[in-house]
Amino acid sequence: MPGPLDGMRILDLTSNFMRPYASLLLADMGADVSKIESPEGDTTRGIGPCRNRGMGPIFLHLNRNKRSLVLDLKSVGGNAALKRMIRGADVLMC
């Protein structure tokens with residue numbers, strides 16, 4: 001069943017806890033959320049016990065219902081890719 005935000009496209013460049021939680025709530029309401037991480041990864045990847053390296057429970061919880069993409073925004077190509085994605089997004093969270 002579609003949620004109230006079905007069809008909304010959100011780019012999520014957030015990290016740590018509260019802002020990823022906010023985008024999680026938007027994803028739970030049906031928004032199409034794309035989580036964009038640096039090559040080093042989100043800081044919550046290593047928090048807590050985990051079976052697979054980089055897949056800590058807090059990271060997995062905060063990023064459910066989201067697509068995931070790694071972009072190096074310091075590179076020309078990564079920066080250009082983000083600009084193209086922004087054109088098609090409804091919301092940019094950073």
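Which residue forms a salt bridge with arginine 45, and how far apart are the closest N and O atoms? The partner is glutamate 37, and the closest N and O atoms of the pair sit 2.9 Å apart. A salt bridge here is a side-chain nitrogen of Lys or Arg within 4 Å of a carboxyl oxygen of Asp or Glu. Both arginine 45 and glutamate 37 are buried, where buried stands for under 20% relative accessible area, exposed for over 50%, and partly exposed for what falls in between (1.4 Å probe, protein chains only).

The model is a predicted one, so local features need pLDDT of at least 70 and side-chain atom pairs count only at pLDDT 80 or more, while totals for chains, interfaces and linings use all residues. Residues are numbered from 1 along each chain as its sequence is written, and side-chain values use heavy atoms, with hydrogens and water left out.

By the rule above, the salt bridges come to five. One of them joins the side chains of arginine 64 and aspartate 28, at 2.7 Å from N to O. This pair links distant parts of the chain, 36 residues apart: arginine 64 is in the loop between α2 (57-62) and β3 (66-70), and aspartate 28 is in helix α1. Helices (H or I, at least four residues) and strands (E, at least two) are DSSP runs, numbered from the N terminus. Arginine 64 is partly exposed, at 35% relative accessible area, and aspartate 28 also counts as partly exposed, at 37%.

Aspartate 32 makes a salt bridge too, this time with arginine 67, and the closest N and O atoms are 2.7 Å apart. Because aspartate 32 lies in strand β2 and arginine 67 in strand β3, the pair ties together parts that are 35 residues apart in sequence. Aspartate 32 is partly exposed, with a relative accessible area of 23%, whereas arginine 67 counts as exposed at 51%.

Aspartate 32 turns up again in the lining of the largest cavity, together with Arg9, Ile10, Leu11, Ser34, Met85, Gly88 and Ala89. On a 1 Å grid over the protein atoms alone, a cavity is a set of points where a 1.4 Å probe fits but cannot get out; a pocket is an open set with protein on both sides within 12 Å along at least five of seven lines, and lining residues have an atom within 4 Å of a point. The count is one cavity of 30 Å³ or more, and the largest cavity has a volume of about 50 Å³. Grid points are joined across faces, edges and corners, and the volume is the space filled by probe spheres set on the points.

Strands β1 (9-12) and β2 (32-37) each supply at least two residues of this cavity lining, and β1 gives the most, with three. By class, the cavity lining has four nonpolar, two polar and two charged residues. For these classes, Ala, Val, Leu, Ile, Met, Phe, Trp, Tyr, Cys and Pro count as nonpolar, Asp, Glu, Lys and Arg as charged, and the others, Gly among them, as polar. Glycine 88 sits in the loop between α3 (76-87) and β4 (91-93) and is partly exposed, at 37% relative accessible area. Its C-alpha atom is 9.6 Å from that of leucine 11, although glycine 88 and leucine 11 are 77 residues apart along the chain.

The volume of the largest pocket is about 150 Å³. Its lining divides into four nonpolar, four polar and three charged residues. Leucine 60 is placed in helix α2 and counts as partly exposed at 44% relative accessibility.
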